Amino acid sequence: MSEGETDHGALSRRALLRTSAATAAGLGISGLPGQAAAATREDVPARQGESMMGVPFEARDEVRMGIIGLGNRGSAMLAQILAVPGVRVTALCDVDAAAVRRAARTVTDHGDPEPAQHTRGENDFENLCARDDVDFVYVVTPWEWHVPMAVAAMRGGKHVGVECPIAPSVADLWELVDTSERTRRHCIQLENCCYGRNEMRVLRLAHEGRFGTLLHGAGAYIHDLRKELFSDSYYAGEWRRAWHTKVNGDLYPTHGLGPVASYLDINRGDRLVSISSLGSPAASLAEYRERHVPAGDPAWREDYVKGDVTMSLIRTELGRIIHLVHDVSSPHPYSRLNHLAGSKGVFEDYPPRIYLEPEMSDHAWGDFADYASYDHWLWKEVDPGPGGHGGMDYMMVYRLAQTMQLGLPPDIDVYDSAAWSAPFALSAASISAGGTAVPFPDFTRGDWTTPHPGVDSPDPTP
């Protein structure tokens, strides 16, 4: 069940049926000429427990973590986790026993006790989630497993962090919100790209008012994955390419949306209201297959429905606009856009550049490095450790552990996590309706104006 490379072959029939069922159900949205009835505000389910907004973790000296999924991403994050002070990996799970053994050796080579190893079939993750020596479960598996694993963790009394997207359907997102509220356990979107140095500097500039009145932003996941998608080892059972045969939408919205949502204080005074999406033709995967995949390979039986490029416009309650892009199929250098504009200036990334009034004029970009004084306190005080996406992975885990150790609320809660992943399903609904605007669910159930901690939280140890 690793998110990345394993050697255990294709996904189980049960997992594939779960994916197909979610797709056949319209990704949890049905009805509308765009299939979005369940996303309307009027259809928001009643709260089944108290809000998790601003709820602190229980303070603890040590964070004991269990990891489900030891493929490329899981094994890479293991090094980041082990480098964080006060964090110990106590349990590992994957159907690939060899991957678990390799990860366990990494833990012991670090000087920590050998973690428990769960390798007895696809449901052994339930045993990890029931352990009494795990405080936080990290889910790093194919997307169709995210929800059952996160729910099992919360029902087992564990806080949980999930790789992106946190869930593929609106119904699944509501299940995570409801389970978090009922169990009083946090459910957090990890690998959210909010903790990069540039992102956090722009966040501080925005909150200091340097961009003036915020007007619009942009985010994306533009990453040529054609080689990886057709690899017979990078994604176990080539599970990720299978989604391109089922869903025409933005399959990876959180990398672009998370940082921009933080800039705009989404769920902290503004909220996502609607999304309109369009998709380009689906051409690049078929053309890559023609050039690189031998005749007779099972991939030749596939019909790709996911357009190479998905473009979405999201409107907020305050009338601001977010441009969201997804493209993992066509040849394009890596970019997440990371753009923010206001009445006094603008920032654009890749490469980073800034224009702010009154110190700049004549349409000449300024040097973003000149604004290092606005770096977030994390980047001023914490060494980025072993790196990982430029250091943002380590900063993310460091800050998560810090909030758990000090008994603080998490920077990112289940409502943020659900909103950032919702475009997966909502963009597909909009595309199927010819670009019709589809409403966002209000996962906060009306609490989106409530002030509470976010990524720009103050330094707890001044």
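Trainee: Among contacts in the protein between residues at least 6 apart in sequence, what percentage join residues at least 24 apart?

Mentor: First, the term: a contact means heavy atoms within 4.5 Å. Here 76% of those contacts join residues at least 24 apart. Keep in mind that this is a predicted model, where local features need pLDDT of at least 70, side-chain atom pairs count only at pLDDT 80 or more, and totals for chains, interfaces and linings use all residues. Residues are numbered from 1 along each chain as its sequence is written, and side-chain values use heavy atoms, with hydrogens and water left out.

Trainee: How many helices and strands are there in the protein?

Mentor: Both are DSSP runs, numbered from the N terminus: helices are H or I with at least four residues, strands are E with at least two. The protein has 15 helices and 14 strands. Its radius of gyration, taken over C-alpha atoms, is 21 Å.

Trainee: What share of the residues count as buried?

Mentor: Buried means under 20% relative accessible area, exposed over 50%, and partly exposed in between, with a 1.4 Å probe and protein chains only. Of the 462 residues, 58% count as buried.

Trainee: Why is helix H7 largely enclosed by the rest of the structure?

Mentor: H7 spans residues 197–207, and eight of its eleven residues are buried, so it is largely enclosed. Among them are Met200, Leu203 and Leu205, along with the charged Glu199, Arg201 and Arg204. Just after H7, glycine 209 takes a positive phi of about 85 degrees.

Key. The radius of gyration is taken over C-alpha atoms; the globule rule is 2.2 Å times the number of residues to the power 0.38.
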